[in-house]
Amino acid sequence: MNHNNQKKIAVINDISGFGRCSVAVSLPVISYLGIQCCPVPTSIFSNHTGFPHYFFDDYTDKMQEYIDNWKKLDLHFEGIMTGFLGSKRQIEIVKKFIRDFKDENTKVLVDPAMGENGKAYPTYTKEMCLEIKKLVEHADIITPNVTEACILTDTEYKESFCRQDLYDMAKKLVEHGARHVVISGVRMGYYVGNVIASHSLEPRIIKHKKTGDFRSGTGDIYAAIIAADMVNQVPFDISVRKAADFVKRALTETERMRIPSTDGLAFEEVLYTLDRH
């Protein structure tokens, strides 16, 4: 019995029942783009931590046994995608997962979800940030925001960076090991920019007019589209533009519906507009 007749992406991230983030958005987006999405849960939340209260269950102790059963099934993945990781031990589990499952046909996307607005998340120690630096060495694509790009390149955070500073960070990240880099969500006045760079592509900026305010899960949707396109062999720059266009459409519809910011993007309303090629 062969379980590998369809393209698959393993998504290592938490599951939040409400709030549209992490696996809850990655799964439908990746599935819509014609790829089987196989979640590896790192933790379970009733709703994400942006709400005033939530239920939380750490899944670290169960992850390896969960993964070992995939080995018994001889599963192979065309893609591996990682999101928020809650401890050094989880990072080590992810690195082992990549070593065990990555072959010549597997692409890896690491979303180094370590912080925002110039600060690492409270759960991220210096040691964990160093471990994430090691993790991105295994990636074909990384999708940091500006804060995370600063942490990964030992750059002092500023509220605004000139174009050359952003290009320099992107180049450093490519030199660090990733084949393709996109620094997402760069604030540029009335615009939001995405800085892209590759081994074969000089840094440049893809930007769109700003729509609405920050919403939970936006980066997860963005990364899921790029991960699926990575497996579907869509050129990187086209994929970044496609993801940014889709997020803008989803933001516009979400604002029209007056969805609370904690509730994420109402991407379901516009999923049918996402280019599947």
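Buried here means under 20% relative accessible area. The model shown in every view is predicted.

**View 1. Helix H4 and its cover.** Helix H4 spans residues 126-136. Its buried residues are Met128, Cys129, Glu131, Ile132, Lys133, Leu135 and Val136. The elements covering these buried residues include two helices, H3 and H5 (146-153). Strands S4 (79-82), S5 (107-110) and S8 (141-142) are also among the covering elements.

**View 2. Helix H3, its length and its buried residues.** Helix H3 holds 14 residues, 88-101. At 1.5 Å a residue the helix should span 20 Å, and its end C-alpha atoms are 20 Å apart, so expectation and model agree. The buried residues of H3 are Gln90, Ile91, Ile93, Val94, Lys95, Phe97, Ile98 and Phe101. H3 is also one of the elements that cover the buried residues of H4.

View 3. Ala10 sits in S1, which runs over residues 8-18. Ala10 counts as buried because its relative accessible area is 0%. Leaving aside residues up to four places away in sequence, Ala10 touches Cys38, Trp70, Phe77, Gly79, Ile80, Met81 and Phe97. Cys38 lies 28 residues from Ala10 along the chain, yet the two C-alpha atoms are separated by 4.7 Å.

View 4. Most residues other than glycine have a negative phi. Arg20 lies in the loop between S1 and helix H1 (23-32). Ser22 lies in the loop between S1 and H1. Arg20 has 22% relative accessibility, so it counts as partly exposed. Ser22 is buried, because its relative accessible area is 2%.

**View 5. The crossing of helices H1 and H7.** The axes of H1 and H7 come within 9 Å and cross at roughly 35 degrees. The crossing is right-handed. From H1, Val25, Ser26, Val29 and Ile30 make the contact; from H7, Asp220, Ile221, Ala224, Ile225 and Ala228 do. These contact residues divide into seven nonpolar, one polar and one charged.

**View 6. The crossing of helices H7 and H8.** H7 covers residues 218-231 and H8 covers residues 236-256. Their axes cross at roughly 145 degrees and come within 9 Å. This crossing is right-handed. On the H7 side, the residues in contact are Thr218, Ile221, Tyr222, Ile225, Ile226 and Asp229. On the H8 side they are Phe236, Ser239, Val240, Lys242, Ala243, Ala244, Phe246 and Val247. The contact residues divide into 10 nonpolar, two polar and two charged. Ile221 and Ile225 of H7 also take part in the contact with H1.

View 7. A disulfide is a covalent bond between the sulfur atoms of two cysteines. The structure holds zero disulfides. For Cys37, the nearest cysteine sulfur is that of Cys38, 6.7 Å away. For Cys150, the nearest cysteine sulfur belongs to Cys162, 12 Å away. Cys37 counts as buried because its relative accessibility is 10%. Cys150 also counts as buried, at 3%.

Terms used:
Residues numbered from 1 in each chain as written. Predicted model: local features only at pLDDT ≥ 70, side-chain atom pairs only at ≥ 80, totals over all residues. Heavy atoms only, no water. Helix = DSSP H or I, 4+ residues; strand = E, 2+ residues; numbered from the N terminus. Expected span 1.5 Å × (residues − 1). Buried < 20%, exposed > 50% of the residue type's maximum accessible area, 1.4 Å probe, protein only. Disulfide = S-S within 2.5 Å. Contact = heavy atoms within 4.5 Å. Axes fitted to C-alpha atoms, helices over the stretch in contact; angles between N-to-C directions. Left-handed = near helix turned anticlockwise from the far one by under 90°. Nonpolar A, V, L, I, M, F, W, Y, C, P; charged D, E, K, R; others polar.
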